[in-house]
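Please look over the sequence and the model shown here, and then read the report below, which goes through a few of their features one by one.

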Amino acid sequence: MEQVTDHTLAAARKVIAVHINYPSRAAQRGRTPEQPSYFLKPSSSLALSGSTVERPAGCELLGYEGEIALIIGKPARRVGIEDAWSHVERVTASNDLGVYDLRYADKGSNLRSKGGDGFTPVGPGLLAADAVDPAGLRIRTWHNGELVQDDTTGDLLFPFAQLVADLSQLLTLETGDIILTGTPAGASVAKPGDVVEVEVSAGELTTGRLVTTVVDGLTPFADFGAQPKTDDLQREEAYGSRAAAGLPDVGGTAPEPALTPELKAKLESVSTATLSSQLRKRGLNNVSIDGLQATRPDKRIVGLARTLRFVPNREDLFKTHGGGFNAQKRAIDSVKPGEILVMEARGEKGTGTIGDILALRAQVRGAAAIITDGGVRDFAAVAAMDMPTYYANPHPAVLGRRHIPWDTDVTVACGGTTVQPGDIIVADADGILVIPPALAAELADDSIAQEREEVFIFETVQQGHSVDGLYPLNAAWRARYEEWEAGKAHD
């Protein structure tokens, strides 16, 4: 395969980059552009695979963005969309690096924030444009060996031919020019010592991995120009979210965790049957997720709910929301250790909502369980995992048959009850309960007390006593229970 060389870099008179082009990135940024917009990167920012890139001295936020790069093969000026792809000769991988610390300095042009030496590595291999389907490419990025971006070009906001045609309306795209076509969700921040790799593939064809190592710049900026500066907004945008940046929720300091290790241990020590009776005493009768089976009924799990909502499939909307790094993949790829992913599938049993690969990803990330009121694909593999999955039924069909993965971390309905992000989920062989966090501590304590009473009642029934007055305890039996409890305390 032909490789990117110094000659390739020297032939690029200009590098043009697209701001937002992947639906997953648009969803992450919270804005979907109606038309493409662009910025220029100097050709001096180009670098080969295996190069190093400096995080400039005094800068905190060196962002990486895996992208597909198009290399123009013949000049394009005022071409139409139907002819535009013929002007592209090669396709390769690129990394649109930049420092958020200098975004403020050039009023949106990105010159200094995105234009530094080595900020546009490309390569290593070149795919012939006429040998690939521009709507059938895959882009993947690894950060220190962990896959962080994985998307396809099947649902781009602006297909590649549109970008070429659009740019050519005003300026001539010359032979060797490079177009960076946007990045999917998952871009983040690299630090000195980190290694970022990007690969573009089309079936068995691949560019190979574009490798860039980050080093620490040692030369400070001179005092006669813009100095690096950043704030929490830039940190949030660089990392992709406030949580990823380690920032507290907007509005103040981070709240106390709803599920402390002590509370978790208490909830693990009592049954859902006991918790259900205590919830009913508090007027909460509609807090069970019903009608599901468990792959591991032997396990008792406690965790905080993360939520994912599917909506009924509509073909035009599936094109914009179903492909690439969609809501389903984002939920799986962001679940934290001990969390439980709860899916709203409307009780629709005619398709799978999770399969073996995504279930494995959730398990690797430390999820405590997956709960879906829809179907499960690759059931034997999912059932063999250590992580429990609660499901309506096995089903072989893929996602697009009945569902669109729509959004995450919203209030959902699952198995006949409402679940909010941050609710506490407790499940065992008896069922699945949703516990409001504000009630959890007193609920746990009262459930422990109830089960202590029930141990006394069980032992007493074993001795031959009638349950009349014993279950529940009347005043006389309660006095005897308290004597029993006091005796246990002195044992």
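## Terms and basis

Two strands are said to pair if DSSP finds at least two bridges between them. Helices (H or I, at least four residues) and strands (E, at least two) are DSSP runs, numbered from the N terminus. This is a predicted model, in which local features need pLDDT of at least 70 and side-chain atom pairs count only at pLDDT 80 or more, while totals for chains, interfaces and linings use all residues. Residues are numbered from 1 along each chain as its sequence is written, and side-chain values use heavy atoms, with hydrogens and water left out.

## An antiparallel sheet

Strand E5 (residues 62-64) and E8 run antiparallel and are joined by two bridges, and glycine 63 stands opposite glycine 98 in E8. These strands belong to an open sheet of three strands, in the order E8-E5-E14, whose pairing is antiparallel. Strand E8 (98-99) and strand E14 (188-190) are the edge strands, each pairing on one side only.

## A parallel sheet

Another open sheet has three strands in the order E22-E24-E26, and here the pairing is parallel. Strand E22 (352-354) and strand E26 (393-394) stand at the edges with a single partner strand each, so one side of each is left without a neighbour in the sheet. E22 pairs with strand E24 (residues 375-376) in the parallel sense over two bridges, and isoleucine 354 stands opposite valine 376 in E24.

## Two packed helices

Helix H8 (residues 272-281) packs against helix H13 (residues 437-462) at an angle of about 120°, and their axes are 9 Å apart. That makes H8 oblique to H13. Axes here are lines fitted to C-alpha atoms, for helices over the stretch in contact, and angles run from 0 to 180 degrees between N-to-C directions; those under 35 degrees count as roughly parallel, over 145 as roughly antiparallel, 65 to 115 as roughly perpendicular and the rest as oblique.

Among the residues of H8 that meet H13 are Thr274, Leu275 and Lys281, and among those on the H13 side are Leu443, Asp446 and Glu454, where contact means heavy atoms within 4.5 Å.

## Aromatic pairs

The structure holds six aromatic pairs (rings of Phe, Tyr and Trp, its six-membered ring, with centres within 6.5 Å; planes under 30 degrees apart count as stacked, over 60 as edge-to-face and the rest as tilted). The rings of tryptophan 85 and phenylalanine 160 have centres 6.3 Å apart and planes at 20°, so this pair is stacked.
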